[in-house]
Amino acid sequence: MNGDYESIVGGYRELSEAEQSASVEATARWWDGEAEEYYRDHGATLGDAELHWCPEGLRESQARLLGDVAGRDVVEFGAGAAQGSRYLHGLGARVTATDISSGMLAQARALNRAAGIDFPLLVADARCIPLPDACADVCFTAHGGIAFVPDPVRIHAEAARLLRPGGLWVCSLPHPVRWMFPDVPTQAGLTVTRSYFSNEPYVERTESGRIVYAEYHRTLSQHVADVLSAGLVIEAIDEPTWQAGDLEWNGWSRLRGELMPGTLIITARKPA
């Protein structure tokens, strides 16, 4: 995987602060290596100019979580190949797409060229985006960033910094309930195997102990507290129902999606 010739083992364990920092850098490299394959595997589902909030099949074109974006400044966190930003650009938004992975943004750049459009693509950690204060009317992320850092409170704080008063922040992320279950789409993915309250991250390492990938878990109350501590006001919490037919996407599937929430969407606003 990603040029690593050592076998890779995944598991749950606490990480030191130094390991946490290393894990974010490692995950960025992981996405660099996965970018082309990820687009080949999921590009048809995502479309090149669609904003999909989640594997459950909820699209911005039906949900309208961001409202009317025409003429508004919009920043996407963890944009991947920037399909969501491309969709909003088509609606008249002034978009900036950011991602920690240069490989993912290379895919975004190629798609922009193919579509004959252009907007800023910034390689940036979602916790520290090189844009000025109060530059955006809307910030959003669709399954980008939050699950891949040990301190997602900093992502919410960064969104609050970038937003103008009254601005909107919408983020989708893996639902905390999923953490209790194996990440497989089959019947085996319906059996609780972990404590909901455990914050041990899932970490993949090489035989020599080098971290190559990590995902972090927080409970629902912790996610809510993170958003509130950034000075944002929560307007809605959504748990999309399954509407993606027989799609299987890693651990997401109709079997699981019709029985448990797979995605959490938080809509918050910066006070005017």
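**Note on the cavity, sheet and cores**

1. Glu56, Arg178, Gly251, Trp252, Ser253, Arg256, Gly257, Met260, Pro261 and Gly262 line the largest cavity (on a 1 Å grid over the protein atoms alone, a set of points where a 1.4 Å probe fits but cannot get out; lining residues have an atom within 4 Å of a point). Its volume is about 60 Å³, taken as the space filled by probe spheres set on the points.

2. This is a predicted model, in which local features need pLDDT of at least 70 and side-chain atom pairs count only at pLDDT 80 or more, while totals for chains, interfaces and linings use all residues. Residues are numbered from 1 along each chain as its sequence is written, and side-chain values use heavy atoms, without hydrogens or water.

3. Seven strands form an open sheet with mixed pairing, in the order E4-E3-E2-E5-E6-E10-E9 (strands are DSSP runs of at least two residues, helices H or I runs of at least four, numbered from the N terminus; two strands pair if DSSP finds at least two bridges between them). At its edges are strand E4 (121–123) and strand E9 (233–238), each pairing on one side only.

4. Strand E2 (residues 73–76) runs parallel to E5, with three bridges. Val75 is opposite Cys139 in E5.

5. Among the 26 residues of the largest nonpolar core, Val75 and Cys139 are two of those that touch the most other members (such a core joins buried Ala, Val, Leu, Ile, Met, Phe, Trp, Tyr and Cys residues through side-chain atoms within 4.5 Å; buried is under 20% relative accessible area, with a 1.4 Å probe and protein chains only). Helix H5 (153–162) and strand E6 (163–174) each supply at least two residues of this core.

Conventions
Buried means under 20% relative accessible area, exposed over 50%, partly exposed in between (1.4 Å probe, protein chains only). On a 1 Å grid over the protein atoms alone, a cavity is a set of points where a 1.4 Å probe fits but cannot get out, and a pocket is an open set with protein on both sides within 12 Å along at least five of seven lines; lining residues have an atom within 4 Å of a point.
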